[in-house]
Amino acid sequence: MLKHLPNEALQTLLVALNDIWYSGNFPDSWRTSIVIPVPKPGKDKSDSSNYRPIALTSCICKIMERMINNGLVWYLERNNFITPAQSGFRKQRSTTDHLVRLESFVREAFVQRQHAVAIFFDLEKAY
């Protein structure tokens with residue numbers, strides 16, 4: 001619905017979001033959400049750890065979050081504050097980039113008859 005607003009309404013929305021940003025007075029409704037537990041596929045539904053919480057929040061709040069995130073990412077990328085080794089969650093990069101890098105590293109070590117060492121961390125339950 002918001003994508004199809006006329007330009008005048010979008011400008012009004014932008015002014016309101018800028019006022020919220022500069023004043024720091026976020027609406028109270030943005031500070032709360034409705035959390036719905038969604039079961040993970042193929043897991044035992046009787047175990048509470050097998051649910052993923054989904055938080056339903058204001059669509060306008062989500063738009064502002066996206067604007068802030070896009071601005072922050074743009075600033076960090078433009079000023080080279082993110083290491084080139086970071087591939088996940090970046091535009092035109094992927095975690096596959098690291099798989100290709102690892103494969104090249106192993107092949108190079110094999111050709112030079114050297115050892116290749118890799119350490120992997122399983123972070124499945126970390127988040």
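1. Charge. The chain carries 16 positive and 12 negative side chains. Lys and Arg count as positive, Asp and Glu as negative; His and the chain ends are left out. The centres of the two sets lie 4 Å apart. Each charge is placed at NZ of Lys, CZ of Arg, CG of Asp or CD of Glu.

2. Basis. This is a predicted model, in which local features need pLDDT of at least 70 and side-chain atom pairs count only at pLDDT 80 or more, while totals for chains, interfaces and linings use all residues. Residues are numbered from 1 along each chain as its sequence is written, and side-chain values use heavy atoms, without hydrogens and water.

3. Fold. The chain has 3 helices and 2 strands. Their pattern along the sequence is α-β-β-α-α. Both kinds of element are DSSP runs, numbered from the N terminus: helices are H or I with at least four residues, strands are E with at least two.

4. Overall dimensions. The chain has a radius of gyration of 22 Å, whereas a compact globule of 127 residues would be near 14 Å. The radius is taken over C-alpha atoms, and the globule rule is 2.2 Å times the number of residues to the power 0.38. Along the principal axes, the C-alpha atoms fill a box of roughly 65 × 50 × 30 Å.

5. Surface and burial. Of the 127 residues, 9% count as buried. Buried means under 20% relative accessible area, exposed means over 50%, and partly exposed lies in between (1.4 Å probe, protein chains only). The chain exposes about 11,500 Å². Carbon and sulfur atoms supply 59% of that area. The areas come from the Shrake-Rupley method with a 1.4 Å probe; for residues, only the protein chains shown count as cover.

6. Contact range. Take the contacts between residues at least 6 apart in sequence: 25% of them join residues at least 24 apart. Contact means heavy atoms within 4.5 Å.

7. The strands. I54 is found in strand β2. I54 is partly exposed, at 36% relative accessible area. Not counting residues up to four places away in sequence, I54 touches I34, V35, I36 and V38. The C-alpha atoms of I54 and P37 are separated by 6.1 Å, although these residues are 17 apart along the chain.

8. The loop between the strands. N50 sits in the loop between β1 (34–39) and β2 (51–56). N50 is buried, with a relative accessible area of 11%. Leaving aside neighbours within four places in sequence, N50 is in contact with V38, P39, K40, K43 and D44.

9. Aromatic pairs. The count comes to 2. Rings of Phe, Tyr and Trp (its six-membered ring) pair if their centres lie within 6.5 Å; planes under 30 degrees apart are stacked, over 60 edge-to-face, the rest tilted. F26 and W30 form a tilted pair, 6.2 Å centre to centre with 50° between the planes. F26 is partly exposed at 29%, while W30 is buried at 14%. Y75 and F81 have ring centres 5.8 Å apart and planes at 45°, so this pair is tilted. Y75 is partly exposed at 43%, while F81 is exposed at 53%.

10. Positive phi. N80 is a residue other than glycine with a positive phi, near 55°. N80 lies in the loop between α2 (59–78) and α3 (96–111). At 64% relative accessibility, N80 is exposed. Q92 also lies in the loop between α2 and α3. Q92 is not a glycine, yet its phi is positive at about 60°. Q92 is exposed, with a relative accessible area of 86%.
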